[in-house]
Amino acid sequence: MLIGLTTSIGISITKLSKHQQERADARKLNVEGIKDALLHPLHIGDVVPRENGNSQRFIGATTTVNINPDTGVVVTSWVTGTKTRAKYNKRKRND
């Protein structure tokens with residue numbers, strides 16, 4: 001379960017948007033991949049202001065997740081691309 005989970009930077013997950021649930025089902029994403037991105041991200045993007053609420057991206061080894069850091073709502077997720085994964089894995093090894 002994702003509700004109540006606290007991300008690696010202290011954001012408490014409060015809700016999964018309807019869009020998130022639809023996308024996760026359509027993209028055959030599993031909860032473990034989403035959880036891993038939120039707890040052990042390869043990269044965390046800056047907060048991006050959007051018209052319908054702020055968004056922050058957590059790039060995980062298998063799954064990328066966008067959340068609203070102000071409300072804790074998981075907005076959407078998708079499979080992390082191989083080039084993106086390689087880019088951030090390389091950076092992590094060099095830190």
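Which residue in β5 does I67 stand opposite? I looked, and I67 stands opposite V74.

Before going on, a note on the ground rules. This is a predicted model, where local features need pLDDT of at least 70 and side-chain atom pairs count only at pLDDT 80 or more, while totals for chains, interfaces and linings use all residues. Residues are numbered from 1 along each chain as its sequence is written, and side-chain values use heavy atoms, with hydrogens and water left out.

**Strands.** Six bridges join β4 to β5, and the two run antiparallel. (Strands are DSSP runs of E, at least two residues, and helices are H or I runs of at least four, numbered from the N terminus; two strands pair if DSSP finds at least two bridges between them.) The β4–β5 hairpin has four residues between the strands, and there G72 takes a positive phi near 80°. I also checked β1 (residues 15-16): two bridges join it to β5 (residues 73-79), this time parallel. K15 has V73 as its bridge partner in β5.

**K28.** I found K28 in the loop between α1 (18-26) and α2 (31-39). Its phi is near 55°, a positive value in a residue other than glycine. K28 counts as exposed because its relative accessibility is 74% (exposed is over 50%, buried under 20%, partly exposed in between, with a 1.4 Å probe and protein chains only).

**A61.** This one sits in the loop between β3 (56-59) and β4 (63-68). At a relative accessible area of 29%, A61 is partly exposed. Leaving out residues up to four places away in sequence, A61 touches D36, L42, T80 and R85 (contact means heavy atoms within 4.5 Å).
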